[in-house]
Amino acid sequence: MDRNKETESEPRIYAYSRAASAALCHVVCVGFTAFIAVQSRPGSSLFSWHPFLMTLSFSLFMSEAILFFSPYGSPIRRFPHKTKGRFHWVLQCLCGSCAVLGMAAIYYNKNLNGKPHFTSWHGVLGLLTVCATGVQSLAAVPLIHHSLAKGWSLSKLKRYHAATGLVTHLLGSTSLLLGLGTAWFTTSVGGYAWYLSALCPVFTALVMMNQVTTAQMAKKRLQS
Ligand code: HEM
Ligand code: HEM
């Protein structure tokens, strides 16, 4: 189904504002990742890899992987849907790999310093996020090898995958937000800069929610 056709009857202002928010979302995802990279200076210590890899994973890779399907802001908008799917899963695999490495960095760093694990909301939600990312990725395999999910129609699988994917992205955004609340970040970034940083995962999550729910509603309207 060509989603662009679905939106043809919409007033132009909506299409323009959706295109503008998708474009801004790319800027925010890249800008926020670059900002955290500058703050953490990856390689300067074992800990430095944690904020860097987690931001790279959830702000850049996961968000960009979902944006590939955006009818307004996909960098590969004119490519066939199947190709978008391929780009999507490659980026989501990178996301999962970086998340595991980032998690290993903080876990090992805490072990070296004799600190207890998962003692903060950020730590607990972060663990849940990484687990959810793993489950979501494994559960997505039948989307490309349909024979693995007998008794499930492809459209049902896609619907569930999009809904749970949105929840996983939301978990990632919340973990990022809570990461910005840690003492490590708030001692070096405060005031307006902190609020501006916090706005980045919130804005990205809102754009994802809008994209996925709009796409699902359009599909439902076509089916009924
Ligand atoms: C979605 C992204 C993120 C996830 C999934 C995540 C996950 C985690 C987890 C699971 C821990 C606890 C590890 C343990 O106790 O062994 C942790 C700790 C920590 N993280 Fe993150 N993190 C993320 C992003 C960030 C960001 C962006 C920052 C900094 C700006 C950050 C800073 C910290 C700090 C300072 C700790 C140690 C203190 C604590 O345990 O609360 N994290 N993170
Ligand atoms: C944590 C990892 C993942 C998340 C959060 C995620 C999230 C999403 C979301 C939200 C969508 C819907 C996008 C939209 O309709 O606008 C989607 C679509 C899709 N995903 Fe994933 N995904 C993940 C991993 C994967 C993996 C590993 C694969 C392949 C093995 C995959 C294959 C697909 C495909 C083929 C679609 C298109 C479905 C359709 O035609 O409607 N995803 N994903």
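The structure is a predicted model, in which local features need pLDDT of at least 70 and side-chain atom pairs count only at pLDDT 80 or more, whereas totals for chains, interfaces and linings use all residues. Residues are numbered from 1 along each chain as its sequence is written, and chains are lettered from A and ligands numbered from 1 in the order in which they are written.

An unreviewed UniProt entry places the feature "domain: Cytochrome b561" at residues 13-219; UniProt positions follow the numbering used here, feature names are shortened, and annotations may be inferred rather than shown by experiment. In the model this span is 79% helix and 0% strand, and its end C-alpha atoms lie 22 Å apart. Helices (H or I, at least four residues) and strands (E, at least two) are taken as DSSP runs and numbered from the N terminus. For "transmembrane region", the unreviewed UniProt entry lists residues 20-38, 50-69, 89-108, 120-144, 165-186 and 192-212. Among these, residues 50-69 are 90% helix and 0% strand, with end C-alpha atoms 28 Å apart, while residues 89-108 are 100% helix and 0% strand, with the end C-alpha atoms 28 Å apart.

Two packed helices are described by the angle between their axes and the distance between the axes. Helix α2 (residues 12-40) packs with helix α3 (residues 49-67) at an angle of about 170°, the axes being 9 Å apart. The α2 helix is therefore roughly antiparallel to α3, a term for angles over 145 degrees, where those under 35 count as roughly parallel, 65 to 115 as roughly perpendicular and the rest as oblique. Axes are lines fitted to C-alpha atoms, for helices over the stretch in contact, and angles run from 0 to 180 degrees between N-to-C directions. Residues of α2 including Cys25, His26, Cys29 and Phe32 meet residues of α3 including Phe52, Leu56, Leu60 and Glu64, contact being defined by C-beta atoms, placed from the backbone, that lie within 7 Å. By class, this contact of α2 with α3 has twelve nonpolar, six polar and one charged residues; Ala, Val, Leu, Ile, Met, Phe, Trp, Tyr, Cys and Pro count as nonpolar, Asp, Glu, Lys and Arg as charged, and the others, Gly among them, as polar.

Around ligand 1 there are 27 residues, of which Ser120, Gly123, Gly126, Ser175 and Gly179 come nearest; a residue is near a molecule if its C-beta atom, placed from the backbone, lies within 6 Å of it. Two or more residues of this shell come from each of α3, α4 (81-112), α5 (121-144), α6 (154-180) and α7 (183-186), and the largest share, six residues, comes from α5. The shell around ligand 1 divides into 14 nonpolar, twelve polar and one charged residues. Ligand 2 is surrounded by 25 residues, the closest being Phe69, Gly85, Trp89, Ala140 and Gly165, and α3, α4, α5, α6 and α8 (191-223) each give two or more residues to its shell. That shell around ligand 2 divides into twelve nonpolar, twelve polar and one charged residues.

Arginine 41, in the loop between α2 and α3, has a phi near 45°, a positive value in a residue other than glycine. Because 10 other C-beta atoms lie within 10 Å, arginine 41 is exposed; the cut-offs are 20 or more for buried, 12 or fewer for exposed and the values in between for partly exposed, with C-beta atoms placed from the backbone. Phenylalanine 118, in the loop between α4 and α5, likewise is not a glycine and has a positive phi of about 50°, and it counts as partly exposed, with 14 C-beta neighbours inside 10 Å. Isoleucine 144 belongs to helix α5 and counts as exposed, with 11 C-beta neighbours inside 10 Å.

Notes. Two residues are in contact if their C-beta atoms, placed from the backbone, lie within 7 Å.
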